Amino acid sequence: MSALSERPQQPVVGLAIPHESASLHVTGEALYTDDLVHRAKDVLHAYPVQSPHVHARIAGLRTEPAYAVPGVVRVLAAADVPGVNDAGVKHDEPLFPDEAMFHGHAVCWVLAESIEAARLGSKAVEVDYEPLPSLVTVREAIDAGSFQGGQPHMERGDVKRAFDESAHVFSGEIDFSGQEHFYLETHASLAHVDENGQVFVQSSTQHPSETQEIVAHVLGLHSHEVTVQCLRMGGGFGGKEMQPHGFAAIAALGATLTGRPVRLRLNRAQDMTMSGKRHGFYARWRVGFDAHGHLRALDATLTSDGGWSLDLSEPVLARALCHIDNAYWIPNVRVNGRISKTNKTSQTAFRGFGGPQGMLVLEDVLGRCAPLLGLGADELRRRNFYTQGQTTPYGQPVGHPERLHAAWEQVYASSDFATRSAQIAGFNEAHPHVKRGLAITPVKFGISFNLTAFNQAGALVHVYKDGSVLINHGGTEMGQGLHTKMLQVAATTLGVPLEKVRLAPTRTDKVPNTSATAASSGADLNGAAVKNACEQIRERLAQVAATRLGVSPADVRFVDGEVRAIAFSSEHVPWEEIVYDAYFQRVQLFAAGFYRTEGIHWDSSIFHGEPFKYFAYGAAVAEVEVDGFTGAYRLRRVDIVHDVGDSLSPLVDVGQIEGGFVQGAGWLTLEDLRWDESDGPGRGRLLTQAASTYKLPSFSEMPEEFNVALLQHAPEEGAVYGSKAVGEPPLMLAFSVREALRQAAAAFGPAGTSVDLASPATPEAVFWAVEQARAGAQGPVEPAKNGHVVEGAPGRVPDQRDEDAPDYEPESERVQHELSRR
């Protein structure tokens, strides 16, 4: 194995230890950004003036009435910005807009002695609006030709010929919702300016360096004049990768202008109405299979809902295209992508970063087409898996596809899939009003940032004279356990007990130019950087120890707080003594570590390359039970086998798998974002802006039996201590729940019924799928059709003559033969 992957004797990595802040979390002692306000004096509170219109020109702004409100100190507006009035990296997000682009857009901000005074002050600000035409849905944007950013194109093979030669061809569409992050801690920033003019911002941000850059250019400063610290976050999920920058800039601007600390914390309704969400997508597709159910061709157009500005919509769309294949070999592919511009919040990163949206398209296609092909959905999926030597549509070899097969086979066996399938068939036969469904789905997810430059990290490690160790790194902690893993990496590399190592909060003046803690790459990048810094120190200490032990430095070993030679009879010297000796020999006891991911390259202009270091694999089996009268359902059992390589911290990884799965199930089955699409005065308003109207997974939605296993004997060469990323891939294991619901709904109809299932598959959506199944060959029952449609009656391979789908001319005039099983 490589030096990066190889583990020493008695490593601390691999031990199942609790999260480093677990006790603080459960006792309420863990501090978050907004908790720090009580440690500052004379703090001002910021409150936004939000637009009541979905799209309007700001014709007039009068802030004077706000100053009549007791406690109001300052109203921030565009004229107050000394630098650039923009909070986005694409320069399309004015911090103080002259045009409100969505319902709830902040026009200006009020600073006051209390949050209540700031709220009352915001009500006093007078704004003249001139309403403008608006676009709320993706389809409205498509009809209006309202797009933004690049329109990537990915193609391989001869798609036209493949369709001509396909035995079965289907086309359809799917329209699916985004997702609210609903992190427990809303956006928060606390800024102050010291006596030297240095701006210090405490921010709940996944990307402190970019927050630093945005604050600096808004204030007209250089980056070295701004320091950003992230103590920890109460959840992020991608929602704090780009979105915190503007809020931090408002707090910093207020602190600069007033000379007092400024606190900005959104309440839940503000956070939901002002911050971006997972991108919803509308996709049109056409797919061809051979006579044995092997995928031969896919032609699709994916349109994402970008909202009012670009934010991260371009890389999100790119990753959606890169993951539309999921785990399946498709020899001929043509996929186009585009970003609609709508009058909504600017949609942003969310766990999976477009990957889940791309995968959902093909998983929906397979689930819909399996009964039309006369195949079980599990068999259709299995026979299309990648095998050794095959490449993705964008040209990257699929490494270790045998691990995909191993995870699938292991969970198939451990879940007793075959036996339970037969039992469920018997249950469904005996119960006309309640049906069960069982489904198995795979995951293949690429790890690394698509933008190659982001695949780098730094760390700073200090060893003190008493042998204690302090580490800084560029990653941020949002509950995912990154800091826990970094402590384990440092302890393992230095050969010291875990209690010897402490971790400091993430700060831009300790480790500069960091990448976002995102793309599931936090442990890979920062772990390798921490390891590099620790190795530098260990090599210097080996020289000191070698002199004392009378051996070559290459023969010195650091194990569990002791230093000895490789010989069994060697003297064992305490770590602290070697460190103390090193200090008096004037040996450097600190080091800056660095890591850059090797072997990756990407050309976005031709959508080709090898952007990912490796692929993470997994498979899940889910069983559901559906009530035919209401569409209500319960998740009876879930079995997961997931590939995390050689785990750095198994307890943390299992928690990430469980949490990711549940969050994915929420997106696919519960969390129904709704905007007012009417032409009334509330048009564009987010209707689901609280937990009372936006349903989140709770204990009642947890599976009654939840089995999670890590794929064994699968170390990843070239990754830190052989581990793999775990943050995002498990979310897509939840496709198994949606597909199980499809199976259960179809069971209400004749054998071989194919049903359309909306996403999210709420009880209402499941009910209409059940009604569709009951209608059998008569077709879907209204009002369904909130998802995709397959041409022709259910249970029949249709004649493909749809000239509208998806942006191509009809490529096959042959009438496909029927597969009706009725």
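**Notes on the predicted model**

1. Start with Val 496. Val 496 sits in the loop between α13 (482-494) and β20 (501-503). Is Val 496 buried or exposed? Val 496 is buried, because its relative accessibility is 1% and the cut-off for buried is under 20%. Beyond its neighbours within four places in sequence, Val 496 contacts Val 12, Ala 491, Val 501, Gly 561 and Trp 575. Lys 341 is 155 residues away from Val 496 in sequence, and the C-alpha atoms of the two are 53 Å apart.

2. Phe 182 has a phi near 45°, which is positive in a residue other than glycine. Phe 182 belongs to the loop between β9 (168-176) and β10 (188-193). Its relative accessibility is 15%, so Phe 182 counts as buried.

3. Asn 326 is the other one. Its phi is also near 45°, again a positive value in a residue that is not glycine. The loop here runs between α8 (313-322) and β16 (332-340). Asn 326 counts as buried, because its relative accessibility is 0%.

4. From Ser 759 to Pro 760 the bond is cis, with omega near 10°. Pro 760 lies in the loop between α17 (735-746) and α18 (763-775).

5. Next, a charged residue on a strand. Arg 436 is part of strand β17 (residues 434-447). Arg 436 is buried, because its relative accessible area is 17% and buried means under 20%. Which residues does Arg 436 touch, leaving out those up to four places away in sequence? They are Ile 424, Phe 427, Asn 428, Glu 623, Val 624, Glu 625, Arg 634, Arg 636 and Ala 744. Ser 678 is 242 residues from Arg 436 along the chain, with 37 Å between their C-alpha atoms.

6. Now the domains. The assignment for the protein chain gives domain 1 (22-29 + 456-596) and domain 2 (385-449 + 606-788). Their centres, taken over C-alpha atoms, are separated by 39 Å. How many residues of each domain are in contact with the other? Domain 1 supplies 22 and domain 2 supplies 20.

7. On cavities, the structure holds 3 of 30 Å³ or more. The largest share, 4 residues, comes from α6. By class, the lining of the largest cavity has 11 nonpolar, 5 polar and 2 charged residues.

8. The second largest cavity has a volume of about 80 Å³. Where does its lining come from? Domain 1 (22-29 + 456-596) and domain 2 (385-449 + 606-788) each give at least three residues. The lining residues include Ser 521, Asp 524, Leu 525, Tyr 595, Lys 613 and Gly 718. By class, this lining has 5 nonpolar, 5 polar and 2 charged residues.

9. Last, the nonpolar cores. In soluble globular proteins, nonpolar side chains tend to be buried together. The largest core here has 103 residues. Within it, Trp 285, Val 287, Phe 289, Leu 302 and Phe 661 touch the most other members. Strand β28 (residues 614-627) gives the most to this core, with 10 residues. Take Leu 302 as one member to inspect. Outside four places in sequence, its contacts include Phe 281, Tyr 282, Ala 283, Leu 317, Ala 320, Leu 321, Ile 324 and Val 335. Among the others are Asn 336, Gly 337, Arg 338 and Gly 358.

10. A second, separate core has 52 residues. Leu 482, Leu 494, Leu 525 and Tyr 595 are among them.

Definitions and conventions: Residues numbered from 1 in each chain as written. Predicted model: local features only at pLDDT ≥ 70, side-chain atom pairs only at ≥ 80, totals over all residues. Heavy atoms only, no water. 1 Å grid on protein atoms, 1.4 Å probe; cavity = no way out; pocket = protein on both sides within 12 Å on 5 of 7 lines; lining within 4 Å. Points joined across faces, edges and corners; volume = space filled by probe spheres on them. Helix = DSSP H or I, 4+ residues; strand = E, 2+ residues; numbered from the N terminus. Nonpolar A, V, L, I, M, F, W, Y, C, P; charged D, E, K, R; others polar. Domains from an automatic or database assignment. Core = buried A, V, L, I, M, F, W, Y, C linked by side-chain atoms within 4.5 Å. Buried < 20%, exposed > 50% of the residue type's maximum accessible area, 1.4 Å probe, protein only. Contact = heavy atoms within 4.5 Å.
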